[in-house]
Amino acid sequence: MTKIRALALLSALAGAAAPLHAQARAGHLLVAAAPDGTALTLDSASIGRIGESAYFVTAVYQYSPELARQYGFDRLLEDEELDCAALRVRNSRKRAFAGDTALRTVDLENTSRADWAPVSDAEGPLVQAICAKLVGSFAAALPVTLDLRDAETMPVLTNRSEVVTALQHNYPALLRDAGVTGSVVIRIRITGEGRVDSSAVRVESATHDAFGAAAAHVAQAMRFRPALLHGQPVPVWATLPVTFGLADSSPGDFERQPDRPVQRGFPRPRTSTGICTQPPPLCSP
């Protein structure tokens, strides 16, 4: 996948001075494009500044019809953290799409690294182009919000019962009545006061669009004991899953099991006990 992306986009960068026929989607920053329609853009809504020169961003690779036929998909989304000063990358996750349909059978060589890794020579020009766009845009003026793993003390969910109720109320009725279960991955900004920033809730993936919208509403109900750095509360970005599942018994009848969804009761997100050491930060106080 690295080779595919590099070959397609290096040619795009080389031809970027030519007339550009590919256009950025609304809300996207155009990084590079080629006359055949291949383009690299950045989803503006995804951008977060996680250090003096480090960013979280979703890069969108839109392929030409010819390349799409070769690869079996026409769009690749890559969520990644970039350190533009040191040309390092961390926690890269790729998602392939054919139109608006997510393809789950494509091997995208996803990498979740807790530590920074140098950018390869093949990808260096792409990362440099992305970084040039970031530092020359509004992104450079964003306040720094740490990634979850950079905090010394993880945030802790303090209102589990309210989140359970929010899941209960927001479960899409048509899907629940049809017995459909699902999962969502959301990215949220938890403030230094332990609240979820309503302007920074993003659905990264969902098994059904209705579940995605519901999970975004549920996120608004979450309250946390905030993350700490040097003993002080700090805002952090967190990416976490929310699970919508069905059970046979009545609402409110729960059985807590560490690191597993409840076996009875209404749907709720996965939880763990004690101090959070891994996302999601859904721990009991």
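Author: Two strands are said to pair if DSSP finds at least two bridges between them. Please keep in mind that this is a predicted model. With that rule, β9 and β16 are a parallel pair, joined over 2 bridges, and within this pair Leu146 has Val236 of β16 as its bridge partner.

Reader: What is the strand order in the open sheet of 4 strands?

Author: The order is β9-β16-β11-β12, and the pairing is mixed. Because β9 (146–147) and β12 (196–206) each have a single partner strand, they stand at the edges, and one side of each is left without a neighbour in the sheet.

Reader: And in which sense does β11 pair with β16 and with β12?

Author: β11 and β16 pair in the antiparallel sense over 9 bridges, with Ile190 standing opposite Val236 in β16. Strand β11, which covers residues 182–190, is also antiparallel to β12, over 6 bridges, and there Val184 has Ala206 of β12 as its bridge partner.

Reader: Which helix packs on the sheet, and which strands does it touch?

Author: Helix α6 (residues 209–221) packs on the sheet and touches β11, β12 and β16 (236–244), while its direction makes about 150° with that of β12.

Reader: Switching to α4, which of its residues are buried?

Author: Val163, Val164, Ala166 and Leu167 are buried in α4. Seen down the helix axis, the buried residues of α4 fall within an arc of 160°, so they line one face of the helix. They pack against β10 (156–157), α6 and β16, and β16 is itself mostly covered, with 7 of its 9 residues buried.

Reader: Which residues touch the most other members in the largest nonpolar core?

Author: That core has 29 residues, and Ile186, Ile188, Met222, Phe224, Val236, Val242 and Phe244 touch the most other members. The elements giving two or more residues to this core are α4 (160–170), β11, α6 and β16. There is also a second, separate core of 26 residues, which includes Val31, Tyr55, Val119 and Cys131.

Reader: One more: does Arg189 count as buried or exposed?

Author: Arg189, which lies in strand β11, has 17% relative accessibility and therefore counts as buried, since buried means under 20%. The side chain of Arg189 makes a polar contact with the side chain of Thr145 at 3.1 Å. Leaving aside neighbours within four places in sequence, the residues in contact with Arg189 include Arg195, Asp197, Pro235 and Trp237.

Methods:
Residues numbered from 1 in each chain as written. Predicted model: local features only at pLDDT ≥ 70, side-chain atom pairs only at ≥ 80, totals over all residues. Heavy atoms only, no water. Contact = heavy atoms within 4.5 Å. Axes fitted to C-alpha atoms, helices over the stretch in contact; angles between N-to-C directions. Core = buried A, V, L, I, M, F, W, Y, C linked by side-chain atoms within 4.5 Å. Buried < 20%, exposed > 50% of the residue type's maximum accessible area, 1.4 Å probe, protein only. Polar contact = N/O pair within 3.5 Å; in protein donor to acceptor, adjacent residues only side chain to side chain. Arc of directions from axis to C-beta.
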